[in-house]
Amino acid sequence: MDVRHGVAAPAALADLDVEALALVVSADALDPALAPALRSLLDDAIATGDLALAKGKSLYLFRPAGVRAGRVSVAVATDESPKAFRAALATALAALKTSGARSIAVGRADARPFGDRHAEAAVLAVADAAY
């Protein structure tokens, strides 16, 4: 398994050179700095009822317009805890597991704080998904 680490601003998530994007969003708000293409897709999905900002909800997008990744999997975290982040990321990754994607980026679509415990939760979720 080849693992690379990188950091990207929310505004750059739509331009990442990966085959899939696993995106975690909070149940209360999207990040105003989120890439416009992703922001538009999520706003539309929420407005039409395709994505509810509630526990356990998720959305899979194939070849979304304006996004470099061919697949985007979005999952909702119920609060800002590392536990909720890990659960949401696991949900997003599960939707991508059989997609055939060889490169996956992990991102957040909210402006909540991201600390070392969240980073640890992300590593554990990715490790579980890769098993």
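Biologist: How many salt bridges does the count come to?
Modeller: The count comes to 7 salt bridges, taking a salt bridge as a side-chain nitrogen of Lys or Arg within 4 Å of a carboxyl oxygen of Asp or Glu. This is a predicted model, where local features need pLDDT of at least 70, side-chain atom pairs count only at pLDDT 80 or more, and totals for chains, interfaces and linings use all residues. Residues are numbered from 1 along each chain as its sequence is written, and side-chain values use heavy atoms, leaving out hydrogens and water.

Biologist: Which residue does Asp 17 form a salt bridge with?
Modeller: Arg 68, with the closest N and O atoms 3.8 Å apart. The pair links distant parts of the chain, 51 residues apart: Asp 17 is in the segment before β1 and Arg 68 in the loop between β2 and β3. Strands here are DSSP E runs of at least two residues, helices are H or I runs of at least four, and both are numbered from the N terminus.

Biologist: OK, the sheet. What's the strand order?
Modeller: β2-β3-β1-β4, an open sheet of 4 strands with mixed pairing; two strands pair if DSSP finds at least two bridges between them. The edge strands are β2 (58-62) and β4 (104-108).

Biologist: And how many bridges join β1 to β4?
Modeller: 5, and the two strands run parallel. Ala 20 stands opposite Ile 104 in β4.

Biologist: Switching to helices: at what angle do α2 and α3 cross?
Modeller: Roughly 30°, with the axes of α2 (residues 82-96) and α3 (residues 116-130) coming within 9 Å. Axes are lines fitted to C-alpha atoms, for helices over the stretch in contact, with angles from 0 to 180 degrees between N-to-C directions. That makes α2 roughly parallel to α3, a label for angles under 35 degrees.

Biologist: Which residues of α2 make the contact?
Modeller: Pro 82, Phe 85, Arg 86, Leu 89, Ala 90 and Leu 93, where contact means heavy atoms within 4.5 Å.

Methods. Parallel < 35°, antiparallel > 145°, perpendicular 65-115°, else oblique.
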